[in-house]
Amino acid sequence: MVVIEQGGGARIVDRGRVLPTYFLEISGFVNSAEAEQGLIGIAFHPNFTSNGYVYVDYTDANGHVVIQRWTARSDRRTVDPTSGAVMLTIPHP
């Protein structure tokens, strides 16, 4: 199980224990200044075990909603921090 944090982190929970390292940590991209902002959601590609794709949506510094794809490393326990690819940005006035 992966639990997300509003500030931009995602941690693996294994057998009821939160692992000490982040699975994903994108706080530099995320604006969590307001109650309904921050890292909003995470979804795993149906073929995650083979392609490692993880999709997140978050609020950026401009208040826009961003959907971004990341790729997990081969161990599938952490995401490659250089793999981010923005798929969609939805302006939010």
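A patch, in the sense used here, is made of residues with over 30% relative accessible area and no salt bridge, with nonpolar side chains joined within 5 Å. In this predicted model, M87, L88 and I90 make a nonpolar surface patch of about 260 Å².

**Overall architecture**

- The protein holds one helix and seven strands, and its elements, read from the N terminus on, follow the order β-β-β-β-α-β-β-β.
- The radius of gyration is 13 Å, close to the 12 Å that the globule rule gives for 93 residues, so the protein is as compact as a globular protein of that length.
- Taken along the principal axes, the box filled by the C-alpha atoms is roughly 40 × 25 × 20 Å.
- Of the contacts between residues at least 6 apart in sequence, 34% join residues that are at least 24 apart.

**Surface and burial**

- The accessible surface of the protein comes to about 5,600 Å², and carbon and sulfur atoms account for 53% of that area.
- Buried residues make up 33% of the 93 residues in the protein.
- Within the nonpolar patch that M87 makes together with L88 and I90, M87 belongs to strand β7, which spans residues 85-90.

**The salt bridge**

- The structure holds one salt bridge, in which the side chains of E5 and R11 meet at 3.1 Å, N to O.
- Side chains of opposite charge can pair when their charged atoms come close.

**Q37 and its surroundings**

- Q37 lies in the loop that runs between β3 (17-25) and β4 (39-44), and with a relative accessible area of 18% this loop residue is buried, because the value is under the 20% cut-off.
- When its neighbours within four places in sequence are left aside, Q37 is in contact with Q6, N31, S32, T59 and G63.
- One of these residues, N31, is in contact with Q37 and is also joined to Q37 through a polar contact of 3.4 Å between the two side chains.

Methods:
Residues are numbered from 1 along each chain as its sequence is written. This is a predicted model: local features need pLDDT of at least 70, side-chain atom pairs count only at pLDDT 80 or more; totals for chains, interfaces and linings use all residues. Side-chain values use heavy atoms; hydrogens and water are left out. Helices (H or I, at least four residues) and strands (E, at least two) are DSSP runs, numbered from the N terminus. Buried means under 20% relative accessible area, exposed over 50%, partly exposed in between (1.4 Å probe, protein chains only). A polar contact is a pair of N or O atoms within 3.5 Å; within protein, one must be able to donate a hydrogen and the other to accept it, and residues adjacent in sequence count only if both atoms are side-chain atoms. Contact means heavy atoms within 4.5 Å. A salt bridge is a side-chain nitrogen of Lys or Arg within 4 Å of a carboxyl oxygen of Asp or Glu. The radius of gyration is taken over C-alpha atoms; the globule rule is 2.2 Å times the number of residues to the power 0.38. Accessible areas come from the Shrake-Rupley method with a 1.4 Å probe; for residues, only the protein chains shown count as cover. Patches are made of residues with over 30% relative accessible area and no salt bridge: like charges are joined within 9 Å, nonpolar side chains (Val, Leu, Ile, Met, Phe, Trp, Tyr) within 5 Å.
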